[in-house]
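Q: I would like to learn how to read a structure piece by piece. Could you take me through a few features, giving the general idea before the case at hand?

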Amino acid sequence: MLLKELNLRGLSCPIPVLQVKKGLKDNPEGLIVYVDNIAACENITRFSQTTGYNVDTKEKDKEWILKISK
Amino acid sequence: MEEVKLTSMVKTSGCAAKLPPDKLHSIIDSLPIMKSKKLIQGFETADDALVYSIDDENVCVQTVDFFPPMVDDPYIFGQVAAANALSDIYAMGGKPAVALNLMCFPSCLDLSVMKDILLGGMDKVKEAGAVIAGGHTIEDPIPKYGLCVTSFMKKNCVITNSGAKPDNYIVLTKALGAGIINTAAKVDEASESSKKDVIKSMTTLNKKSMELSLKYKVYASTDVTGFGLIGHLSEVAKASGVSISIDTKKLPILEGALELARFGFLPEGRYSNEIYIKNEVNFQSNISREVIDICYDPQTSGGLLLFMDESDAEKYVSTFNDDCCKIIGKATKKDKKLLYFF
């Protein structure tokens, strides 16, 4: 299934975690998330793992793509 | 005028707004050191305040601290910012005497907000037994407030961060986790009781902590602010030429902070603190990720870290009589790493 994409570049904590929380409520199957700072990447990973999701992260040029799925 | 949430105007707040330590040190370490025979303590050892000689016996101790709001209530913000600035004087074993306001204020906010911030600051300065003598205000889109504080004391009563000795016991006088709870509170994810606890902690002066310590020999002291427990412990270890061993089971932690850390409500400063110091720190492998978060969490108006003899530390904690004040570890001979957490 194609996961919904969320562009959270340029946002600082705790906004990215909050956006992912809302995003997963609307799309419980998962999300693809784009962030541009390590704190957002780490915090989203924690939130997703704590709420029962798997997170697959790819980093390129200080940008992170997180695939959050069941 | 429309009511604006103070915390919605800022990107980072409280002591978490400090410039990351790696960036800060890349600049200040490259500056020439200005020497003066009268300047006893400058910024070389990253101490809490400067110490300037007045005569053979007396010194002036001075500090400055200001930051953007971490709470929406302007009066409480004023109290927190003032308690935080005054704390640097307490960390040197001094009593605040005179303070100056530093205020950055947005033109879009009602001026009554500025008045409430200043009243909050004033009340804490009054509680400290000091006086506000003036200040400076500039227009700025992001509100910020703090104080420059001066104390006058006997030279031999100054406590720096460089006197810790192996076998000193370490007392921490406030619970950790304020940065995490403030981060969650910004987006209404912290519980009411956590918010209440963190405000109580941040608005509490380190006055009692310092005054009680006067009964004992304190070898070194500092306060825990933006660089977190780890950052400020490492400054003492480095300045004193010791290593430090911390029992993480003894750490006083604000209720709710560990759970919020598990859900990723961590301030950016938690990560920049880790990037700067991680090579100097050893965590025993069974320590949970959330407890490590607590150790790196930037504190706003945190407690004092006091280095004392074992029996004095025990008496201090028992007299202090508050669950937030605990012996958390001890200093050891200098080892491979500055800090060991078990």
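Predicted model: local features only at pLDDT ≥ 70, side-chain atom pairs only at ≥ 80, totals over all residues.

Q: Why should helix α1 of chain A span 16 Å?

A: Helices (H or I, at least four residues) and strands (E, at least two) are DSSP runs, numbered from the N terminus. The expected span of a helix is 1.5 Å times one less than its number of residues. Helix α1 of chain A, residues 15-26, has 12 residues and should therefore span 16 Å, which agrees with the 17 Å between its end C-alpha atoms.

Q: Which residues of α1(A) are buried, and what covers them?

A: A residue is buried if 20 or more other C-beta atoms, placed from the backbone, lie within 10 Å of its own, exposed if 12 or fewer, and partly exposed in between. In α1(A) the buried residues are P16(A), V17(A), L18(A), Q19(A), V20(A), G23(A) and L24(A). Their cover includes β1 (4-7), β2 (30-35) and α2 (38-50) of chain A.

Q: How do β1(A) and β2(A) pair?

A: Two strands pair if DSSP finds at least two bridges between them. Here β1(A) and β2(A) are parallel, with four bridges, and L6(A) has V33(A) in β2(A) as its bridge partner. Together with α1(A), these strands make a right-handed β-α-β unit, where right-handed says that, with the strands pointing away from the viewer, the path from the first strand over the helix to the second runs clockwise.

Q: How many residues does each chain give to the contact between chain A and chain B?

A: Residues are in contact if their C-beta atoms, placed from the backbone, lie within 7 Å. Chain A gives 13 residues and chain B gives 13 residues. On the side of chain A that touches chain B, α2(A) gives the most, with eight residues.

Q: Which domains does chain B have?

A: Domain bounds come from an automatic or database domain assignment, which for chain B gives domain 1 (6-157) and domain 2 (169-341). Their C-alpha centres lie 20 Å apart, and 29 residues of domain 1 are in contact with 34 residues of domain 2.

Note on methods: Residues numbered from 1 in each chain as written. Chains lettered and ligands numbered in written order. Contact = placed C-beta atoms within 7 Å.
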